[in-house]
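Please look over the sequence and the model, then read the points below.

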Amino acid sequence: MKTVIVALNSKYIHSALAPWYLKANCTPDCGEVKVMEFSINDMADSILSQIYEENCDIVAFSCYIWNIEEVLKIAGNLKKVLPKVRIVLGGPEVSFSSCEIMKNNSCIDFILSGEGEEAFRNLLRSFSDPSIALCSIKSLTYRDGENIVCGGEYALIEDLNTVISPYSEEMFDSVGNKIVYYESSRGCPFNCSYCLSSTFKGVRYFDLERVKSDILLFIKKGIKIVKFVDRTFNCNPDRAKQIFTFIIENAGDTCFHFEAAADLFDEEMLSILSKAPEGLIQFEIGVQTTNAKTLEAINRKTNLEKVFENVQKLNRMGNIHLHLDLIVGLPYEDYESFKKSFNDVYRLSPHQLQVGFLKLLKGSSIRRESDKHGYKFRNYPPYEVLSSDCLSYGEITRLKDMEDMVERFFNSGRFEKTLQYLIKAFSSPFDFFEKLSGYFKACGYFKRSLSGRDLYTVILNFARDGKLNVDLKMVNELLKFDFLASNNTNNLPAGLVRNMEPGFKEKCFEFLKREEYISEYIPDFAGLPAKQIYTKVHFERFQYDVTKDNITQESTVILFDYTHYNSVKSRYKYMKVPVC
């Protein structure tokens, strides 16, 4: 008997976790089990043919909002070409509507709801062991002739230490350079109404020594990014401190990403984190809203004052990348309220600000109570909000346009100095991005493919055509600086003007020939000939000293060192140098 477990990831850079858990926890009497990973961007016919060529008896699909439509399409065609194959679905997208999915898709034979390590193993064993009755398998929905037997229980594994680790050599070979997902716990202590974690209470933990062992394995394997999928990683502060300390003490080239609650950081935890090497740790902090009435309505217990205070402390450390989240469409959050939430969070100066749109997920309490807030939402994945009592569809589309601007210009990290200057010409950061999105739309840019280089020209034109109360020469200099600090090329985008002067290149070479300058400014290049150094750095003259927080008009030469990249700020190293 051969089983293939199929994962359709949302992006190529992502990897799957659940299928490898299932495979790792299968016993020899389950037969041969293989994991196949694809992306939803792969051609459905190609995926179908590759599964067909495996000549398997059972095909199991891991189902999420991003892949369920493709999964059902592939499963339907698979049943046509392999009528005897047994098709199994599992995952959050089918766990709360298993009977409905079975009724609407005759190709599906079994659906497992909840955590599947035990149930999937027992299902495979039942195919060769008649003593294992299907009705005894917790959470299983299956066909009994023409009837559908609905599994009414969402499976949870109480003792996570009985679950075998999925991190085998086979998995690492499959993952390659992709992001690796990891969990040190399951569940969440909070009860946010929009989240599936609210469907069951409590947090269960993997043994701490096991977690440490896995962390060492990731570092040894040279995994680039490990994303902890714990819903609120630091909900147990003492445990979180031990893990942070262990990661810092064993720091390698692996970056660790955590979803954390900023109000749960205490001074001891902040002190531990201050010792982390630059770029070792990333935090994703879900603020979601700063509207107190909204927070109460979604059962989200957050001390906003503490959130703001701790985010500012983390930011001042300068060694940890901060990603803050907001959600559009939450109860009682109208356009003006969201504007305030956006401005509140933007002014915390995160490295990224993710503006998401409410999804009324199957199984969530906010979906069950959707009529209470007048929600209209898409009846297909990802079930995103269309309108509510507080937000019209038109307002949501305007916010989607604005979110696009935040993603391109702020989250890219490429326009830091320029945005700081331009936003001062507006009443608030929200007003700036709102006007920029209107300009983008008027110019037809949403319908065109723009490169990263093009965006510098767009901002330059926006500052000019939008009749902003700004110094256009300053905008040129800031855009030029932002480009050179984030791109290791000196080929400037269209529209940006250089301050050309005769003999500038020769002056730069003279600088590189002086040992005292090399020792003071770029000591890593000590002993190298000037010609060799010149290929790894770039000199640029500016009319303003853009290295200062309070920019002044004075001729300044900046050296950009393209051998040193700050992964927290997404910037190359730069410094003002005495090239006269």
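Does histidine 321 count as buried or exposed? Histidine 321 counts as buried, because its relative accessibility is 12% and buried means under 20%. The model behind this value, and behind the others below, is predicted.

**Overall form**

- The protein has 21 helices and 20 strands. Its radius of gyration is 27 Å, close to the 25 Å that the globule rule gives for 580 residues, so the protein is as compact as a globular protein of that length.
- The C-alpha trace spans about 90 × 55 × 50 Å along the principal axes of the protein.
- Of the 580 residues, 55% are buried.
- The protein exposes about 26,100 Å², and carbon and sulfur atoms supply 48% of that area.
- Among contacts between residues at least 6 apart in sequence, 69% join residues that are at least 24 apart.

**Histidine 321**

- Histidine 321 is placed in strand β14, which covers residues 321-328.
- Leaving aside residues up to four places away in sequence, histidine 321 touches Ile281, Gln282, Phe283, His351, Gln352, Ser567 and Val568.

**The disulfide and other cysteines**

- One disulfide is present in the structure. Cysteine 99 and cysteine 150 form it, with their sulfur atoms 1.6 Å apart.
- This pair links distant parts of the chain, 51 residues apart. Cysteine 99 belongs to helix α4 (residues 98-104), while cysteine 150 is in the loop between β7 (147-149) and α6 (169-175).
- The two partners can be set side by side: cysteine 99 is buried, with a relative accessible area of 16%, and cysteine 150 counts as partly exposed, at 42% relative accessibility.
- Cysteine 192 takes part in no disulfide. The nearest cysteine sulfur to it belongs to cysteine 188 and is 6.4 Å away, whereas a disulfide needs the two sulfur atoms within 2.5 Å.
- Cysteine 192 is buried, with a relative accessible area of 9%. Cysteine 255 is buried too, and its relative accessible area is 9%.

**Asparagine 147**

- Asparagine 147 lies in strand β7 and is exposed, with a relative accessible area of 52%.
- Asparagine 147 and lysine 103 are 44 residues apart along the chain, and their C-alpha atoms are separated by 9.5 Å.

**Helix α9**

- Helix α9 covers residues 267-274, and its buried residues are Met269, Leu270, Ile272 and Leu273. Seen down the axis of α9, these buried residues fall within an arc of 160°, so they line one face of the helix.
- The cover over the buried residues of α9 includes α8 (237-249), β13 (281-288) and α11 (304-317).
- At the start of α9, a side-chain oxygen of aspartate 266 reaches to within 3.3 Å of the backbone nitrogen of glutamate 268.

**Serine 184**

- Serine 184 is placed in the loop between β8 (180-182) and β9 (185-188). At 2% relative accessibility, serine 184 counts as buried.
- The side chain of serine 184 makes a polar contact, at 2.5 Å, with the side chain of aspartate 230.
- Not counting residues up to four places away in sequence, serine 184 touches Tyr205, Phe206, Val211, Phe228, Asp230, Phe233, Arg239 and Ile243.

**Backbone geometry**

- Most residues other than glycine have a negative phi, and most peptide bonds are trans. The next points concern backbone angles.
- Glutamine 288 is not a glycine, yet it has a positive phi of about 70°. Glutamine 288 is in strand β13 and is buried, with a relative accessible area of 8%.
- Serine 570, also not a glycine, has a positive phi of about 55°. Serine 570 is found in the loop between β19 (556-566) and β20 (571-577).
- Proline 381 and proline 382 are joined by a cis peptide bond, with omega at about 10°. Proline 382 lies in the loop between β16 (376-377) and β17 (385-387).

How values were computed. Residues are numbered from 1 along each chain as its sequence is written. This is a predicted model: local features need pLDDT of at least 70, side-chain atom pairs count only at pLDDT 80 or more; totals for chains, interfaces and linings use all residues. Side-chain values use heavy atoms; hydrogens and water are left out. Helices (H or I, at least four residues) and strands (E, at least two) are DSSP runs, numbered from the N terminus. Buried means under 20% relative accessible area, exposed over 50%, partly exposed in between (1.4 Å probe, protein chains only). The arc is that of the directions from the helix axis to the C-beta atoms. Contact means heavy atoms within 4.5 Å. A polar contact is a pair of N or O atoms within 3.5 Å; within protein, one must be able to donate a hydrogen and the other to accept it, and residues adjacent in sequence count only if both atoms are side-chain atoms. The radius of gyration is taken over C-alpha atoms; the globule rule is 2.2 Å times the number of residues to the power 0.38. Accessible areas come from the Shrake-Rupley method with a 1.4 Å probe; for residues, only the protein chains shown count as cover.
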